[in-house]
Amino acid sequence: MIAPDTAGRYRAEAYPLDLARRRPEEFAKVQALLHRVAQVGPQGIRNTQRIRPLGDGLFEMKSGDTRLFWCYGTTPGTQRTVALLSGVTKKRRAHRPEHVNAARLIMSTYKASS
């Protein structure tokens, strides 16, 4: 699931599509990780090198130089949903605070609307 930003646009949608086109092997890794976290839930995440909580329900997924910010979504029934908030290609050692802040803002908008 792709969460809309505060203006209602689905900006996070472009990142995985571009990643799939430019680097299909990296996209396959990311897709497998997203599928796994949807299956196991937050308590089942053991690999804190690739997936780590950033607090308040926000998570960061690392795969190579790819960084995805996501949260668990709400769906009717028992199926767990991963809501993709934003993605960036990391170009330096630490990610920029504005990337995390933007993901938090999108997450709060998403959770308020669901």
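**Figure 1. Overview of the protein chain.** Read along the sequence, the chain runs through the pattern α-α-β-β-β-β-α, which amounts to three helices and four strands, and the coordinates shown here and in every following view are those of a predicted model. The chain has 114 residues, of which 36% count as buried, and it exposes about 6,900 Å², with carbon and sulfur atoms supplying 53% of that area. Among contacts with a separation of 6 or more, residues 24 or more positions apart account for 50%. The average pLDDT of the chain is 80, and 80% of the residues score at least 70. Confidence is lowest in H1, where the mean is 83, and highest in S1, where it is 89. Where pLDDT is low, the predicted coordinates should not be read in detail.

**Figure 2. The open sheet and its strand order.** Four strands form an open sheet in the order S1-S2-S3-S4, and their pairing is antiparallel. Strand S1 (51-55) and strand S4 (81-89) stand at the edges with a single partner strand each, so one side of each is left without a neighbour in the sheet. From one strand to the next, the twist averages 30°. The pairing of S1 with S2 extends over four bridges, S2 is joined to S3 by five bridges, and S3 (residues 66-73) is joined to S4 by eight bridges. Strands of a sheet pair through backbone hydrogen bonds, either parallel or antiparallel. Within this sheet, S2 is mostly covered, since five of its six residues are buried.

**Figure 3. Helices H1 and H3 against the strands.** Helix H1 (residues 14-22) lies across S3 and S4, and the helix runs at about 65° to S4. Helix H3 (residues 97-113) lies across S1, strand S2 (58-63), S3 and S4, and runs at about 25° to S3. Helix H1, which lies across S3 and S4, is also the element in which confidence is lowest, at a mean of 83.

Figure 4. Two residues lie between the strands of the hairpin, and Asp56 is found in the loop between S1 and S2. The phi of Asp56 is near 60°, a positive value in a residue other than glycine. Asp56 counts as exposed because its relative accessibility is 71%, and exposed means over 50%.

**Figure 5. The hairpin of S2 and S3, with Gly64 in its turn.** S2 and S3 run antiparallel and are joined by five bridges, and the hairpin that they form has two residues between the strands. Gly64, in the turn, has a positive phi of about 65°. The backbone oxygen of Gly64 lies 2.8 Å from a polar atom of the side chain of Arg67, a residue placed in strand S3. Arg67 is also the bridge partner, in S3, of Lys62.

**Figure 6. The surroundings of Arg67 in strand S3.** Arg67 has its place in S3, where the residue is the bridge partner of Lys62, while in S4 the bridge partner of Arg67 is Val88. Arg67 is buried because its relative accessible area is 7%, and buried means under 20%. Leaving aside neighbours within four places in sequence, Arg67 is in contact with Tyr15, Glu60, Met61, Lys62, Ser86, Gly87, Val88 and Lys90. The polar side-chain atom of Arg67 that lies 2.8 Å from the backbone oxygen of Gly64 also belongs to this view.

Figure 7. Leu34 lies in helix H2 (residues 24-40). When residues up to four places away in sequence are not counted, Leu34 touches Met61, Leu68 and Val82. The C-alpha atoms of Leu34 and Leu84 are separated by 9.1 Å, although the two residues are 50 residues apart along the chain.

Technical notes:
Residues numbered from 1 in each chain as written. Heavy atoms only, no water. Buried < 20%, exposed > 50% of the residue type's maximum accessible area, 1.4 Å probe, protein only. Contact = heavy atoms within 4.5 Å. Areas by Shrake-Rupley, 256 points an atom, 1.4 Å probe, with all protein chains shown as cover. Pairing = 2+ DSSP bridges. Axes fitted to C-alpha atoms, helices over the stretch in contact; angles between N-to-C directions. pLDDT = per-residue confidence, 0-100. Polar contact = N/O pair within 3.5 Å; in protein donor to acceptor, adjacent residues only side chain to side chain.
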